[in-house]
Amino acid sequence: MAEKPQPPPDPELELDPPEGYRYVWMPDDSCRLTTEEEKQSRRCRRPGCMREVAIGLQRGFGQQQKWWLYCDWHMYGRRIVDGVVQWPRLTKDGE
Ligand SMILES: [Zn+2]
């Protein structure tokens, strides 16, 4: 029997804002979705992970910038909603 692919964990559940703050999901401009070609040819950058890539994360600076590709299990607290990579910004209540 083929193993059923498990859905990635919900990063929302990991969030535990301090008193008086909350997390607001914002588009993450340092990330992009992977292309079909990348999904076919690349695997998650996380050591030991062989899942299909979902996002590219921009690493480095200046001329050294590179896209590091990760699967939807290894997005470091980010999530994908309607084709947009989002990250949770800590925001003061009332802002
Ligand atoms: Zn992975």
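Me: What makes β5 and strand β6 count as paired strands?

Reply: In this predicted model, β5 and strand β6, which covers residues 84-92, are joined in the antiparallel sense by three bridges. Two strands are called paired when there are at least two bridges between them, and β5 and β6 have three, so the pair meets the requirement. One point of this pairing can be followed in the structure: I80 stands opposite V85 in β6.

Me: Why are β1 and β5 called edge strands?

Reply: The sheet in question is open and has three strands in the order β1-β6-β5, with antiparallel pairing. Strands β1 (21-27) and β5 (79-81) each pair on one side only, and this makes them the edge strands. Neighbouring strands of this sheet are turned against each other by 50° on average, with direction ignored.

Me: What makes β3 and β4 a pair, and in which sense do they run?

Reply: Strand β3 (residues 55-59) and strand β4 (residues 66-70) share five bridges in the antiparallel sense. At least two bridges are needed, and these strands have five, therefore they are paired. R59 has K66 in β4 as its bridge partner. The two strands form a hairpin with six residues between them, and G60 in that turn has a positive phi of about 85°.

Me: Why is W87 called partly exposed?

Reply: W87, which lies in strand β6, has 19 C-beta neighbours inside 10 Å. A buried residue needs 20 or more, and an exposed one has 12 or fewer; the count of 19 falls in between, so W87 is partly exposed. Leaving out residues up to four places away in sequence, W87 touches M26, D28, G77 and R78. The C-alpha atoms of W87 and Y23 are 9.1 Å apart, although 64 residues separate the two along the chain.

Me: How do you know whether Y76 is buried or exposed?

Reply: Y76 is in the loop between β4 and β5. Its count is 11 C-beta neighbours inside 10 Å. The limit for an exposed residue is 12 or fewer, and therefore Y76 counts as exposed. Y76 also has a positive phi of about 50° although it is not a glycine.

Me: Is D82 buried or exposed, and why?

Reply: D82 has 5 C-beta neighbours inside 10 Å, and because an exposed residue is one with 12 or fewer, D82 is exposed. D82 is placed in the loop between β5 and β6, and its phi is near 50°, a positive value in a residue other than glycine.

Me: What makes up the largest nonpolar core?

Reply: The largest nonpolar core has ten residues, including C31, I55, L69 and V85. Members of such a core are buried and are joined through C-beta atoms within 7 Å. C31 is in contact with I55, G56, L57, R78 and V85, its neighbours within four places in sequence being left aside. In soluble globular proteins, nonpolar side chains tend to be buried together. Of the 95 residues in the protein, 14% are buried.

Note on methods. Residues are numbered from 1 along each chain as its sequence is written. This is a predicted model: local features need pLDDT of at least 70, side-chain atom pairs count only at pLDDT 80 or more; totals for chains, interfaces and linings use all residues. Helices (H or I, at least four residues) and strands (E, at least two) are DSSP runs, numbered from the N terminus. Axes are lines fitted to C-alpha atoms, for helices over the stretch in contact, and angles run from 0 to 180 degrees between N-to-C directions. Two residues are in contact if their C-beta atoms, placed from the backbone, lie within 7 Å.
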